[in-house]
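Work through the following exercises with the sequence and the model side by side, and try each task before reading its solution.

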Amino acid sequence: ELKSLLDFVRFNFTVKEVVICDWKTSAVSCKEFCRTKIDEYKYRKQLAFYERAIYYYLNSIGEDIQAWDIKVYLVPIETLGSKALFVPIKQKSLDYEWEKIEKSLEELKWYLEREYWIDKSLIETGGIYEFRETDN
């Protein structure tokens with residue numbers, strides 16, 4: 001089960017389209033926000049989660065998710081002005097972020113199943129840790 005609280009989502013069941021918008025207020029300009037904040041705060045990862053929540057929902061109501069067009073936007077809104085910008089997020093970016101989320105969830109599952117909360121590499125190597133100069 002996957003749950004998310006989205007700022008805005010619109011379903012159009014006639015043309016099988018979903019629009020997801022995530023509003024972000026910012027004291028910097030929309031242009032500056034796009035240039036610096038999207039990567040700094042990893043907003044694509046958050047949006048990938050939202051997109052998968054929509055997949056989960058559509059699947060749960062018996063919809064063929066392959067038939068749906070899902071559009072995802074990050075919408076920075078200037079707090080000191082009145083400008084907003086709809087920034088489309090590419091599917092390739094969302095898929096890349098989702099792969100990273102899945103890897104993290106798999107690792108979490110590994111720890112939960114074993115109830116170990118130490119570095120996984122120590123368990124897999126029998127407790128041997130190779131110290132490297134770059135570890136300083």
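**Exercise 1. Find what the buried residues of helix 1 pack against, and then how they are arranged around the helix.**

Solution. Start with the contacts (heavy atoms within 4.5 Å): the buried residues of helix 1 pack against strand 2, helix 2, strand 3 and strand 4 (87-88). Helices (H or I, at least four residues) and strands (E, at least two) are DSSP runs, numbered from the N terminus. This is a predicted model, in which local features need pLDDT of at least 70 and side-chain atom pairs count only at pLDDT 80 or more, while totals for chains, interfaces and linings use all residues. Residues are numbered from 1 along each chain as its sequence is written, and side-chain values use heavy atoms, with hydrogens and water left out.

Next, list the residues of helix 1 that are buried (under 20% relative accessible area, with exposed over 50% and partly exposed in between; 1.4 Å probe, protein chains only): C30, F33, K37 and I38. Because these cover an arc of only 100° around the axis (taken from the directions from the helix axis to the C-beta atoms), they lie on the same side of helix 1. On the other side, K31, R35 and D39 are exposed.

**Exercise 2. Identify the elements that build the largest nonpolar core.**

Solution. A nonpolar core is a set of buried Ala, Val, Leu, Ile, Met, Phe, Trp, Tyr and Cys residues joined through side-chain atoms within 4.5 Å. The largest one has 20 residues, and I20 and L74 have the most contacts inside it. Two or more residues come from each of strand 2 (17-26), helix 1 (30-40), helix 2 (43-60), strand 3 (69-78) and helix 3 (91-114); helix 2 gives the most, with 6 residues.
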